[in-house]
Amino acid sequence: MSKSLLLASASPRRTALLSQIGIHHTVNPVDIDESVKGQETPHEQVVRLAAEKASAAFAALTAQARETTVVLASDTLISLDGVSLGKPRDAEDSASMLRAMSNREHDVLTAISVKDDSQQQTQCIRTKVYFGTLTDEDIAAYWKTGEPADKAGSYAIQGIGGQFVKSIEGSASAVIGLPLYETRMLLKEFGVES
């Protein structure tokens, strides 16, 4: 019996990436507490959040649906000097993040978690992103576009924010929100293919 895939995310970028590689899926986002717990590192936090999202989405399924459904969840955080940068609270928070990343590198951590009725596997993919120098004018103009308001680290590499990126080392799709190679390999292990 083939299994259907449920994406536990409201991100249109993750849906588009899965569709791009021909993986049919349905979407059902979950709402969990995404605050840092204790002294978590960014790596520990992003792995925990992806796993908790997958578990919450799987738990919400009916008993019958659990037999035929594989759940995929993902979470992305920016790690700068070992500190997590999530979505900005406001324009000032966004500007502070972007100034801190100006003319230097940061890590984008994207965790994926896949769960079915017999197992759960979670992986974290790290990509180094190098920013050019950002002026206060660049930052203010970028905020006015509306793009950074709901993005981890206050930028979108696939959008207007891509103009600030000098180079990346690692998975470009992971920076957008879903590492395609690793996701495809992990879903294959769970019997989900395009």
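Predicted model: local features only at pLDDT ≥ 70, side-chain atom pairs only at ≥ 80, totals over all residues.

Tutor: Residues are numbered from 1 along each chain as its sequence is written, and side-chain values use heavy atoms, with hydrogens and water left out.

Student: How many helices and strands are in the protein chain, and what makes a run count as one?

Tutor: The protein chain has 7 helices and 7 strands. Both are DSSP runs numbered from the N terminus: helices are H or I with at least four residues, strands are E with at least two. Their order from the N terminus is β-α-β-α-α-β-β-α-β-β-α-β-α-α.

Student: Why is the protein chain called as compact as a globular protein of its length?

Tutor: The globule rule is 2.2 Å times the number of residues to the power 0.38, and the radius of gyration is taken over C-alpha atoms. For 194 residues the rule gives 16 Å; the radius of gyration of the protein chain is 17 Å, close to that value, so the description applies.

Student: Why are H4 and H5 called oblique to each other?

Tutor: The axes of H4 (residues 91–101) and H5 (residues 136–144) come within 10 Å and cross at roughly 135 degrees. Axes are lines fitted to C-alpha atoms, for helices over the stretch in contact, and angles run from 0 to 180 degrees between N-to-C directions. Angles under 35 degrees count as roughly parallel, over 145 as roughly antiparallel, 65 to 115 as roughly perpendicular and the rest as oblique. H4 and H5 are therefore oblique. The contact (heavy atoms within 4.5 Å) is made by Ala91, Ser94, Ala95, Leu98 and Arg99 of H4 with Asp136, Ile139, Tyr142 and Trp143 of H5.

Student: Is serine 102 buried or exposed, and how do you know?

Tutor: Buried means under 20% relative accessible area, exposed over 50%, and partly exposed in between (1.4 Å probe, protein chains only). At 16%, serine 102 is therefore buried. Serine 102 lies in the loop between H4 and strand S5 (105–115), and, not counting residues up to four places away in sequence, touches Gly132, Thr133 and Leu134.

Student: What makes arginine 66 partly exposed?

Tutor: Arginine 66, in helix H3 (residues 63–68), has a relative accessible area of 30%, so the label is partly exposed. Leaving aside neighbours within four places in sequence, arginine 66 contacts Phe58, Ala59, Leu61 and Asp117. Arginine 66 and aspartate 117 are 51 residues apart in sequence and 5.9 Å apart in space, C-alpha to C-alpha.
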